[in-house]
Amino acid sequence: MSPDPVAAPAGEGPGRLHGLVDRLAAECADGGREEISAAREDYFVRSGKVFEDDRELYEARAASFLEWYVLERPSADGKPPVVKALERAVAAGEPPETRRALAALATSHRSLFDLYEVHGDRIELEDLFGGARFAVHERRSTVGFGVGDLVEARLFWEGRRVIFGKTFLYHPRDAREEALAAVKTAVARGDSRDEILFSLARLHVRWHRHGHVAAARVYRGG
């Protein structure tokens, strides 16, 4: 990763934060190809391997990997790339808007959410791990969001409101009860949030790959 502080993209709202994630990812790729290759292998072993011929999955999961890598995966010193970028920006006296944008990324919240209301450009979600409820502003479009959706998503505090990251993983509606049961069992077992999210992601990949098998059966482990 470049040692230079990262300048936040101009503008307000989701595009500013999303663009900053992309910029950090590009700098990581330029500065450590072996490290990012190892991280990619780690991610896809844990979340389910996808290949370029998995057309419906590949691009979305590749984008999800980059977001995870920049915002969550610890480097050798235990810090993810975004935290190191924030530390450099603070040390260099970068403008407050740059530091705020990096802090928003560093404090993002990835979880599994139950969508219970769509109203205008506001989407109401419940975190299925902690029980917290969020009202998320979605300026792009709320088409595709539906009450009862189970979705892995990432939330950012944009300064005035909560917004989504760029990547989503929707679990099939006809496996809703099985997915909820799997979460309940894993939480009772003491599995971490990451372990549960990766486990569900592997089920999602398996369901896509075996489209002739009912989603409920796949999520039951059948």
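Me: How many residues has the largest nonpolar core, and which of them have the most contacts inside it?

Reply: In soluble globular proteins, nonpolar side chains tend to be buried together. The model here is a predicted one. Its largest nonpolar core comprises 29 residues, and those with the most contacts within it are L24, F65, Y69, L102 and L105.

Me: Which elements give two or more residues to this core?

Reply: They are α1 (14-31), α2 (33-47), α3 (58-71), α4 (81-91), α5 (96-106) and α7 (193-209). The most is given by α1, with six residues. Another core, of 14 residues, lies apart from it; L112, V183, I196 and L197 are among its members.

Me: What does L105 touch, if residues up to four places away in sequence are not counted?

Reply: L105 touches L17, L20, V21, L24, L71, V82 and F156.

Me: How should I read the charged side chains, and how many salt bridges are there?

Reply: Side chains of opposite charge can pair when their charged atoms come close. The count in this model is 22 salt bridges. In one of them, R46 pairs with D42, their closest N and O atoms lying 3.7 Å apart. These two residues are four apart in helix α2, and so are separated by about one helical turn.

Me: Is E158, which forms a salt bridge with R161, buried or exposed?

Reply: E158 counts as buried, because its relative accessibility is 8%, whereas R161 is partly exposed at 24%. Their closest N and O atoms are 3.2 Å apart.

Me: Which residues are linked in a network of salt bridges?

Reply: That network links E67, E72, R110, E152, R154 and D194.

Terms used: Residues numbered from 1 in each chain as written. Predicted model: local features only at pLDDT ≥ 70, side-chain atom pairs only at ≥ 80, totals over all residues. Heavy atoms only, no water. Core = buried A, V, L, I, M, F, W, Y, C linked by side-chain atoms within 4.5 Å. Buried < 20%, exposed > 50% of the residue type's maximum accessible area, 1.4 Å probe, protein only. Contact = heavy atoms within 4.5 Å. Salt bridge = Lys/Arg side-chain N within 4 Å of Asp/Glu carboxyl O.
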